[in-house]
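Please read the following points with the sequence and the structure in view.

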Amino acid sequence: QLRQVMQIMEWHLTEKELAVRLHVADITLEGDPNLLYQVWMNLVSNAVKYTPAGGTISIAARADDHTCTVTVGDNGEGIPAEQLPMIFDRFYKVDQARTRDSNSSGLGLAIAQKIIQAHNGTIEVASTVGEGTTFTVSLPCHNTD
Ligand code: ATP
Ligand code: MG
């Protein structure tokens, strides 16, 4: 699933000068592929949308004993600490003016969080203004390697 996302992302990257770093172990994610796909697409498209040209997006996936962890990071504009708790709210956008005319509804993260919770997983964010943002998704999984 992640590899599919990357193929679509390569298309994004032709539009914008961004570097991508991938560290994706060969793991199998468990759950509804179409729903999880929406999660990866939103996190990656956010990273693309909120990172200026010349930036770097890092995607990693790894599996521990019972947990698969996917991180999507960028070195873009970042999110102010006081706004971090709200970004998973429906229709919430940090910068209304800037996102008004672009294809932003402020729904992507709310939907992503619902999907991850429905898979008994967690989604967390760490961000520093001017430095970047990293989303970490943890899902139960049973990989044998
Ligand atoms: P949609 O996903 O519905 O098209 P959206 O991207 O604006 O619209 P969300 O994905 O829910 O909505 O994100 C909510 C807000 O969080 C965004 O409007 C943006 O302000 C902020 N945000 C999300 N991801 C990042 C990121 N990687 N870097 C900086 N800000 C971000
Ligand atoms: Mg979004």
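1. Of the 145 residues in the chain, 29% count as buried. The model is a predicted one.

2. The secondary structure consists of four helices and five strands. Read from the N terminus, the elements follow the order α-β-α-β-β-α-α-β-β. Among the contacts with a separation of 6 or more, 67% are between residues 24 or more positions apart.

3. Does the length of helix α2 agree or disagree with what its residue count predicts? At 1.5 Å a residue, its 17 residues should span 24 Å, and the end C-alpha atoms of α2 are 24 Å apart, so the two values agree. The expected span is 1.5 Å times one less than the number of residues.

4. The buried residues of α2 include Leu36, Val39, Trp40, Leu43, Val44 and Ala47; Asn42 and Asn46 in this helix are buried as well. An α-helix has 3.6 residues a turn, so residues three or four places apart point the same way.

5. Helix α2 (residues 33-49) packs with helix α4 (residues 108-118) at an angle of about 145°, and their axes are 9 Å apart. The crossing of these two helices is left-handed. From α2, the residues in contact include Leu36, Val39 and Leu43, while those from α4 include Leu109, Ala112 and Ile116. By class, this contact has nine nonpolar, four polar and no charged residues.

6. Around ligand 1 there are 24 residues, of which Tyr50, Val94, Ser104, Gly108 and Leu109 come nearest. The elements giving two or more residues to this shell are α2 and α4. By class, the shell has nine nonpolar, eleven polar and four charged residues.

Notes: Residues numbered from 1 in each chain as written. Chains lettered and ligands numbered in written order. Predicted model: local features only at pLDDT ≥ 70, side-chain atom pairs only at ≥ 80, totals over all residues. Axes fitted to C-alpha atoms, helices over the stretch in contact; angles between N-to-C directions. Left-handed = near helix turned anticlockwise from the far one by under 90°. Contact = placed C-beta atoms within 7 Å. Nonpolar A, V, L, I, M, F, W, Y, C, P; charged D, E, K, R; others polar. Near = placed C-beta within 6 Å. Buried ≥ 20, exposed ≤ 12 C-beta atoms within 10 Å, placed from the backbone.
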